[in-house]
Amino acid sequence: PHSSLSISISHSFSSSSSSSSPPERSPLRGGETVFPRAITTQFHDGVKVKPQSGKAVLFYNVLPDGNMDDLSQHAGGKVESGVKYLANIWVWDPIIN
């Protein structure tokens, strides 16, 4: 099956430019990866994954029979403050008989 590896990296700076010292980092708020159709034993109305620096979200978006997995539908939530950088890696896993 195909899989999608989504890597979220949070990194942000304030806009003060009056000194030569390194910019001050401001925390990331918001920007969750939202899976609205996903269910768990605790949540039946979707799952939100909070971005964390150095962490990744890995999920299969295709079922073993080759059909799309509707539960893998996802979106990026609004970033309330800070900056969120994102990279996607698409992997094809061939079926070998």
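Three strands form an open sheet in the order S4-S3-S6, with antiparallel pairing; strands are DSSP runs of E of at least two residues, numbered from the N terminus, and two strands pair if DSSP finds at least two bridges between them. The edges of this sheet are strand S4 (47-49) and strand S6 (75-76), each of which pairs on one side only. The structure is a predicted model, in which local features need pLDDT of at least 70 and side-chain atom pairs count only at pLDDT 80 or more, whereas totals for chains, interfaces and linings use all residues. Residues are numbered from 1 along each chain as its sequence is written, and side-chain values use heavy atoms, with hydrogens and water left out.

Strand S3 (residues 33-35) pairs with S4 in the antiparallel sense over 3 bridges. Within this pairing, Val 34 has Lys 48 in S4 as its bridge partner. Lys 48 counts as exposed because its relative accessibility is 60%, where exposed means over 50%, buried under 20% and partly exposed in between (1.4 Å probe, protein chains only). When residues up to four places away in sequence are not counted, Lys 48 touches Glu 32, Thr 33 and Val 34, a contact being defined by heavy atoms within 4.5 Å. Lys 48 and Ala 75 are separated by 27 residues in sequence and by 9.7 Å in space, C-alpha to C-alpha.

The structure holds 1 aromatic pair. Phe 35 and Phe 59 form this pair in an edge-to-face arrangement, at 5.1 Å centre to centre and with 85° between the planes. Rings of Phe, Tyr and Trp (its six-membered ring) pair if their centres lie within 6.5 Å, and planes under 30 degrees apart count as stacked, over 60 as edge-to-face and the rest as tilted. The pair links distant parts of the chain, with Phe 35 in strand S3 and Phe 59 in strand S5 (residues 55-60), 24 residues apart. Both Phe 35 and Phe 59 are buried.

The protein chain contains 0 helices and 8 strands. Of its 97 residues, 18% count as buried. Among contacts with a separation of 6 or more in the protein chain, 70% are between residues 24 or more positions apart.

The protein chain averages a pLDDT of 75, and 68% of the residues score at least 70; pLDDT is the predictor's confidence in each residue, from 0 to 100. Among the elements, strand S1 (residues 2-10) has the lowest mean pLDDT (47) and S3 the highest (92). Over residues 1-17 the pLDDT is below 50, and this stretch has 66 contacts in the model beyond near neighbours in sequence.

How values were computed. Helices (H or I, at least four residues) and strands (E, at least two) are DSSP runs, numbered from the N terminus.
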